[in-house]
Each structure stands twice: as structure tokens, then as C-alpha cells.
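User: Please take a close look at one part of this model, the sheet, and spell out the criteria behind each term as you go.
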Amino acid sequence: ELGKRAPRWIRDNEVTMCMKCKEPFNALTRRRHHCRACGHVVCWKCSDYKAHLEYDGNKLNKVCKDCYHVIIGCTDSEEKKRKGILEIESAEVSGNSVICSFLQYMEKSKPWQKAWCVIPKQEALVLYMYGAPQDVKALATIPLLGYTVDDAPKSADLPHSFKLTQSKSVHSFAADNEELKQKWLKVIHLAVKGETPECQNELQVN
């Protein structure tokens, strides 16, 4: 369907990095552009291609490198590099997750920051953190197994917070409300013991 129908445009505020080369956007050097074929938000380098799009009366439109190669029927001979653990698209894992939402996050004495947090179904013991829901690369991952959960940290300066600790690693999170916090804790309490929600269901059935 590429080029035959108008794509759904990913909104600028849904990403913090180019969806193709993964370079972070910032106010000065990286303006956001939209690929007119797939609707992804890309940087200027990755949008420097043009192709005739059927849905726009076969006019030349700005497209990203990937769409350009598909539309003109040429395959990119570069071997696709094996994806690193962080290079899993947020939309890919969020659509098939045990839980996902925005949480406030703080590490050590750094300031709180908003992060899109996901625990994917296929890796229910790992928490992925993204800058925004459509980012194509995670900022960090936390393998939850073995962490200690403190669901009422005294030092927290935000309500609805909880803390994960393992030796010198301390990660603080805060949800927007108590209900969301409890949903996260339910999944995390299982994950730190090496269990998944499916395991729990099987135990209940048995």
C-alpha cells in the first residue's frame, strides 16, 4: 500500500529521535520532517529522498530512504545490522505488552523525568524505558529479576511512587495516580521473583 494511500502521520511530540537513524532531535540541529509515504518522523538527512506517490496524483514527494527503495523497487544491499537490545521499537512492544504507560523516573540524584515505560509480553521480566511512545530505540532497560520493591519510599518527593533496588542500583518511579501505581506493582512484584502474569494464572487454575 506504500504510496497508494495517505499514511497516518506520527505526531512530532510522539518521538524524541529520528525513526530511521535514531539520532535524537534537538531544537538547533535536528528539525523534524515527515515521510510522505509511511508517515514516520525523520531528520533532514533521512528525508532527503523524493518519490512519486500514487495517492498524491503521482507528484514527487519527500520520503525516507526505506520508502524510497521500496517505491522505486530497489533493495538496499546493506545487510541490516542485528538489532541491539535497545533497538526495539516502542510501538512494537507497547502493542503487545503486559503493561505500558508514562511514569516519572529518577535515577540516583538526577531530576525526575517523564518516560514511556513498557514491560513486553515476550520479555515480561524486563522493563523498557523510552523517551516517547513512538521512539524506535529504548533509552534504557531494567532486568527486573532479583530487585527489591519498596512501594512506599520515605524519601520520595512525588506521590504514588515506588522504588526498585538491587545492590547499588536504585530506580525510582512515580505514577500519575494510585490505581496506575498498583497495576505496575502487581506486574513488577511477579517479575522480581522471575514470574510472569501467565505463570500466575496457571498457578490459580491449578
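Which residue in β11 is the bridge partner of Ser 161?

Analyst: The model is a predicted one, in which local features need pLDDT of at least 70 and side-chain atom pairs count only at pLDDT 80 or more, while totals for chains, interfaces and linings use all residues. Residues are numbered from 1 along each chain as its sequence is written, and side-chain values use heavy atoms, with hydrogens and water left out.

In β11, Ser 161 has Ala 174 as its bridge partner. This bridge belongs to the setting of strand β10 (residues 161-166) and strand β11 (residues 169-174), which run antiparallel and are joined by six bridges; two strands pair if DSSP finds at least two bridges between them. Strands (E, at least two residues) and helices (H or I, at least four) are DSSP runs, numbered from the N terminus.

Both strands belong to an open sheet of seven, ordered β8-β7-β6-β5-β11-β10-β9, with antiparallel pairing. At its edges lie β8 (140-143) and β9 (148-150), each of which pairs on one side only. On average, and with direction ignored, neighbouring strands of the sheet are turned by 35 degrees against each other. Packed on this sheet is helix α3 (residues 178-191), which touches β5 (97-107), β6 (113-120), β7 (126-130), β9 and β10, and whose direction makes about 105 degrees with that of β5. Contact here means heavy atoms within 4.5 Å, and the axes are lines fitted to C-alpha atoms, for helices over the stretch in contact, with angles running from 0 to 180 degrees between N-to-C directions.
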